[in-house]
Amino acid sequence: MSNVTKLKKNPAKVLVVELLAFNPEMTLQQIADKVGVSKSSIEKWKASPEFVDAVYDRYMMHFGLEIPQVLDALR
């Protein structure tokens with residue numbers, strides 16, 4: 001079971017995972033305002049290895065396929 005799937009019981013966490021994975025320029029406060037949770041909630045979530053893994057997994061699901069192309073371009 002993927003780390004993102006494990007978070008599906010909490011839609012706010014899933015949305016925060018998406019925003020962290022795809023919008024690195026957003027601050028935690030901006031994400032909290034957009035999702036409707038407190039910044040301190042997000043900070044607590046980020047302290048969980050499972051949550052961090054979910055952000056990484058989501059990022060890699062989208063961008064991971066491009067990494068070999070980038071490496072090939074550097075040859």
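Before I start, a word on the basis: what we have is a predicted model, in which local features need pLDDT of at least 70 and side-chain atom pairs count only at pLDDT 80 or more, whereas totals for chains, interfaces and linings use all residues. Residues are numbered from 1 along each chain as its sequence is written, and side-chain values use heavy atoms, with hydrogens and water left out.

Let me begin with the overall picture. The chain contains six helices and zero strands, where helices (H or I, at least four residues) and strands (E, at least two) are DSSP runs numbered from the N terminus, and the order of elements is accordingly α-α-α-α-α-α. Of the 75 residues, 27% are buried; here buried means under 20% relative accessible area, exposed means over 50%, and partly exposed lies in between, with a 1.4 Å probe and protein chains only. Among contacts with a separation of 6 or more, 54% join residues 24 or more positions apart, a contact being heavy atoms within 4.5 Å. The chain exposes about 5,200 Å², and carbon and sulfur atoms supply 57% of that area, as computed by the Shrake-Rupley method with a 1.4 Å probe, where for residues only the protein chains shown count as cover.

Now to the interior. In soluble globular proteins, nonpolar side chains tend to be buried together. In this model the largest nonpolar core has 15 residues, and those with the most contacts inside it are Val-16, Leu-20, Ile-31, Ile-42 and Phe-51; such a core is a set of buried Ala, Val, Leu, Ile, Met, Phe, Trp, Tyr and Cys residues joined through side-chain atoms within 4.5 Å. Helices H2 (11-22), H3 (28-35), H4 (39-46) and H5 (49-63) each give two or more residues to this core, and H2 gives the most, with six.

Staying with H2, Val-17 has its place in that helix and counts as buried because its relative accessibility is 1%. The C-alpha atoms of Val-17 and Ile-42 are separated by 9.7 Å, although these residues are 25 apart along the chain.

Taking Ile-31 as an example, and leaving aside its neighbours within four places in sequence, we find it in contact with Val-16, Leu-19, Leu-20, Met-26 and Ile-42. After H3 comes Gly-36, which has a positive phi, near 90°.

Across from there, Lys-39 lies in helix H4 and counts as partly exposed, at 34% relative accessibility. Beyond its neighbours within four places in sequence, Lys-39 is in contact with Leu-28, Gln-29 and Ala-32, and its C-alpha lies 5.5 Å from that of Gln-29, ten residues apart in sequence.

H5 has 15 residues and reaches 21 Å from its first C-alpha to its last, close to the 21 Å expected at 1.5 Å a residue, where the expected span is 1.5 Å times one less than the number of residues. Which residues of H5 are buried? They are Phe-51, Ala-54 and Val-55, and, seen down the axis of H5, they fall within an arc of 95°, so they line one face of the helix. On the other side of H5, Pro-49 and Tyr-56 are exposed.

Finally, the aromatic rings. A search of the whole structure finds one aromatic pair, formed by Trp-45 and Phe-51, which is tilted, at 6.1 Å centre to centre and 45° between the planes. Rings of Phe, Tyr and Trp (its six-membered ring) pair if their centres lie within 6.5 Å, with planes under 30 degrees apart counted as stacked, over 60 as edge-to-face and the rest as tilted. Trp-45 is buried, with a relative accessible area of 15%, and Phe-51 is buried too, at 3%.

Note on methods:
Arc of directions from axis to C-beta.
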